[in-house]
Amino acid sequence: MAVAVMAGTLAVSLPVAAQVRVGVSDWPGWVAWYIAEKKGFFKKHGADVKLVWFANYTDSISALSAGQLDANSQTWSDTMAPLAKGIALKAILVNDNSAGNDALMVGPGIRSFADLKGKKIALEEYSVSHFLLTLALAKNSMTLKDVQVVNLSAGDAAAAFMAGRVDAAVVWNPWVNTIQTSGKGKPLFTSADVPGMIPDLLVAQEKSLKAKRKDFLGMIRAWYDVERFIRDNPDEATRIMAKVVGMDPKDYKVFLPGTKFFDQPANLKAFGPASDPTSLLGVAPTISKFLLDNKLMEGKVDYARGIDASLVREVAGVK
């Protein structure tokens with residue numbers, strides 16, 4: 001999931017429609033919305049939802065910012081640039097956290113971060129992989145200046161690593177699994193080591209939220225049914241999700257262990273105070289610093305203004 005660079009947006013009126021139009025792209029925590037559609041969870045909770053598929057994730061971010069969607073499936077990091085531009089968006093639900101699906105892969109000759117000094121590391125610049133590497137290095141008293149970053153797409157980074165052209169690679173699944181099963185590499189650091197830093201969200205237009213709050217409340221209730229269904233019926237859930245993206249269910253299963261799907265308690269915690277280092281408010285300064293340091297965002301973000309915890313709390317019956 002590459003960090004989107006927002007070049008500019010145009011405020012466009014939402015199309016007149018009863019349905020809540022929600023953008024979805026290829027990530028397990030978002031593809032899982034199709035379980036709600038397939039199993040009737042939207043209907044069960046009175047949510048009139050139209051899922052809109054985007055083959056290109058960054059196009060969905062632009063569509064939300066331009067007012068062409070009521071809500072979108074996007075990361076917290078990709079929500080910050082539009083917020084900094086003054087676009088009225090609200091994060092209202094955490095679908096999941098990456099919990100191992102993103103990883104720094106190294107060969108048998110590298111046993112510690114000290115062994116990485118001066119080494120070539122392939123990754124997709126300014127993507128979540130770049131962000132993960134900065135976090136990993138910082139946790140080990142290092143910076144990007146201590147390594148040589150080689151800018152390649154995730155697939156090319158994995159191929160370069162397995163061919164021995166670089167010493168390490170930061171990639172996401174299925175390439176993490178491909179490297180591991182090849183026997184040529186293992187994870188030195190994964191997204192599971194930085195809980196809360198890579199949250200995947202449902203982000204809504206503020207005006208849509210006001211006009212269609214009942215539908216959004218139904219969506220949140222439907223999501224909790226989805227999370228429960230994935231736990232209780234993993235094989236059927238995998239079949240539904242794999243069909244959406246055109247993959248064999250056996251191949252798609254690799255994504256599930258590295259995806260921490262959020263239930264109601266996890267959402268209440270994620271929408272908690274900044275004093276919780278894994279909450280949306282808690283991780284926001286670190287994400288914002290990465291975006292600003294790499295000139296992926298201009299201006300400061302009022303994190304609290306971009307979060308609406310009231311729906312998650314209302315569904316839970318918490319004031």
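Helices (DSSP runs of H or I, at least four residues) and strands (DSSP runs of E, at least two) are numbered from the N terminus. Met-247 sits in the loop between α11 (234–245) and α12 (249–252). With a relative accessibility of 27%, Met-247 counts as partly exposed; that label covers the range between buried, under 20% relative accessible area, and exposed, over 50% (1.4 Å probe, protein chains only). Apart from neighbours within four places in sequence, Met-247 is in contact with Ala-242, Tyr-252 and Phe-255, contact meaning heavy atoms within 4.5 Å.

The model is a predicted one, in which local features need pLDDT of at least 70 and side-chain atom pairs count only at pLDDT 80 or more, while totals for chains, interfaces and linings use all residues. Residues are numbered from 1 along each chain as its sequence is written, and side-chain values use heavy atoms, with hydrogens and water left out. As for pLDDT, the predictor's confidence in each residue on a scale from 0 to 100, the mean for the protein chain is 93, and 94% of its residues reach 70 or more. Residues 1–16 are another story: pLDDT stays under 50 there, and the model has 50 contacts beyond four places in sequence for this stretch. Where pLDDT is low, the predicted coordinates should not be read in detail.

Turning to helix packing, the axes of α5 (residues 76–84) and α14 (residues 280–293) come within 10 Å and cross at roughly 70°. Such axes are lines fitted to C-alpha atoms, for helices over the stretch in contact, with angles from 0 to 180 degrees between N-to-C directions. The two helices, α5 and α14, are therefore roughly perpendicular, a label for angles of 65 to 115 degrees. On the α5 side the contact is made by Trp-76, Ser-77 and Met-80, and on the α14 side by Leu-280, Val-283, Ala-284, Ile-287, Ser-288 and Leu-291.

Phe-131 and Phe-290 form a tilted pair, with ring centres 5.2 Å apart and planes at 55°. Phe-131 belongs to helix α6 (residues 128–139) and Phe-290 to α14, so the pair ties together parts 159 residues apart in sequence. Both Phe-131 and Phe-290 are buried.

Trp-223 and Phe-261 make a tilted pair too, at 6.5 Å centre to centre and 40° between the planes.

Notes. Parallel < 35°, antiparallel > 145°, perpendicular 65-115°, else oblique. Phe/Tyr/Trp six-rings, centres within 6.5 Å; stacked < 30°, edge-to-face > 60°.
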